[in-house]
Amino acid sequence: MQRKLRVAQYGCGKMSEYSMRYVYEKGAEIVAAFDVNPAVINKDIGDIAKIGKKGVLMQDAKNAAQILKEVKPDICIITTQSLFKDVFDAFKTCAQAGVNAISTCEEAFFPANSSPALTAELDKLAKEHGCTLCGSGYQDVFWGNLITVLSGATQKITKIKGKSSYNVEDYGIALAKAHGAGLDLERFAKEISASDNVSEKIRREMIDKGEFLPSYMWNVNGWLCEKLGLTVKEQTQKTVPQTYKSELKSSTLNMTIPAGCATGMSAVVTTKTAEGVILETECIGKVYAPEEFDQNDWTVEGEPSTRITVSRPATVELTCATVVQRLPDVINAEPGYITTDKMPDPLYRVKPLNEYVKK
């Protein structure tokens with residue numbers, strides 16, 4: 001009998017409650033878990049995921065390198081932060097231990113167009129140690145594969161337009177802060193929007209130095225162009241603060257956001273390609289007012305034009321389910337930093353995850 005897929009969990013905040021439960025429900029098991037939060041260290045992971053005790057205790061992330069080498073899981077799920085530079089050390093730790101890794105980090109979805117130096121370093125390290133690293137999540141299906149499948153039914157594409165919104169309260173404090181939630185508009189302009197108001201030359205220099213702050217659609221547009229075989233000529237982004245007429249309480253930020261201050265941001269990324277196809281994509285992440293909810297709306301314009309709207313998607317659950325069902329694809333992929341456009345389309349896993357592993 002083939003053994004269960006052995007998984008490590010790196011980062012045990014809101015997302016991990018779903019990812020760990022989903023691992024068990026798909027016939028795999030958690031063999032190690034790490035976090036930096038003293039409040040969860042030494043807790044049973046089953047208590048954190050609300051699935052009953054599993055006999056696996058949360059370990060301090062500073063010991064992750066040693067534990068990964070000793071336990072040698074098949075793959076590690078990284079659910080910590082949203083920028084590539086912030087998950088780099090976790091990826092590096094996994095790679096040096098020869099452990100495959102997948103992250104919900106949004107920039108990790110296609111990091112080469114925003115953090116090329118870090119991507120190249122991890123790619124080299126993963127190849128040296130014979131493992132695969134990648135990013136996945138909600139965008140893998142709803143901003144990526146869903147759109148490329150629609151494109152396959154289109155004779156001529158002139159523009160791809162996308163708009164998606166999500167509540168930053170659902171993802172933890174790191175993501176909320178990355179969206180400028182809670183900042184007054186002056187601080188938002190300095191800390192969030194400043195990198196948008198530069199020339200193409202300066203932006204390129206910032207990207208090469210690892211100083212660029214990409215919105216989520218920046219990496220999505222790169223992924224879409226790669227998957228569709230489009231050649232990027234020019235790409236720009238503009239971030240705009242979102243505000244609300246009344247004050248809003250944020251449990252994630254542990255504060256009340258004053259009326260008129262940033263509840264989050266909208267980021268529009270425009271990509272022009274050599275083939276004439278334009279991508280115009282927008283993501284809106286903010287602390288929701290009572291009447292707001294998640295939306296995902298995309299149009300492939302051309303002959304014919306097709307629009308698809310997903311109303312009230314459960315983005316947290318969809319993110320974690322996508323990552324967990326991607327585990328065999330990552331293990332089966334060649335060593336290196338391999339983005340999911342190079343992997344099979346996402347699939348529903350009927351059998352235990354280990355039965356999809358070919359290696």
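Val330 sits in helix H11, where helices (H or I, at least four residues) and strands (E, at least two) are DSSP runs, numbered from the N terminus. This is a predicted model, so local features need pLDDT of at least 70 and side-chain atom pairs count only at pLDDT 80 or more, while totals for chains, interfaces and linings use all residues. Residues are numbered from 1 along each chain as its sequence is written, and side-chain values use heavy atoms, with hydrogens and water left out.

With a relative accessible area of 0%, Val330 is buried; buried means under 20% relative accessible area, exposed over 50%, and partly exposed in between (1.4 Å probe, protein chains only). Leaving aside neighbours within four places in sequence, Val330 touches Ile75, Asn100, Ala101, Ile102, Thr132, Cys134 and Met343, a contact being heavy atoms within 4.5 Å. Gly162, on the other hand, is 168 residues from Val330 in sequence and 27 Å away in space, C-alpha to C-alpha.

Strand S1 (residues 6-10) runs parallel to S4, and four bridges join them; two strands count as paired if DSSP finds at least two bridges between them. Val7 has Ile75 as its bridge partner in S4. S4 also pairs in the parallel sense with strand S5 (residues 100-103), again over four bridges, and here Ile75 is partnered by Asn100 in S5.

Back to H11, which spans residues 315-332 and packs against helix H6 (residues 138-151) at an angle of about 100 degrees, with the axes 6 Å apart. Axes are lines fitted to C-alpha atoms, for helices over the stretch in contact, and angles run from 0 to 180 degrees between N-to-C directions. H6 and H11 are therefore roughly perpendicular to each other, on a scale where angles under 35 degrees count as roughly parallel, over 145 as roughly antiparallel, 65 to 115 as roughly perpendicular and the rest as oblique. On the H6 side, Tyr138, Asp140, Val141, Phe142 and Asn145 meet Thr315, Leu318, Thr319, Thr322 and Arg326 of H11.

Then there is an open sheet of six strands, in the order S8-S11-S12-S7-S13-S14 and with mixed pairing. Strands S8 (232-242) and S14 (306-311) stand at the edges with a single partner strand each, so one side of each has no neighbour in the sheet. From one strand to the next, the twist averages 10 degrees. S14 runs antiparallel to strand S13 (residues 295-303), joined by six bridges, and Trp298 has Ile308 in S14 as its bridge partner. Across S8 and strand S11 (264-273) lies helix H8 (residues 185-193), running at about 155 degrees to S8.

Zooming out, the chain has 11 helices and 15 strands. Its C-alpha atoms fill a box of roughly 50 × 50 × 40 Å along the principal axes. Of its 359 residues, 55% are buried. Among contacts between residues at least 6 apart in sequence, 73% join residues at least 24 apart.
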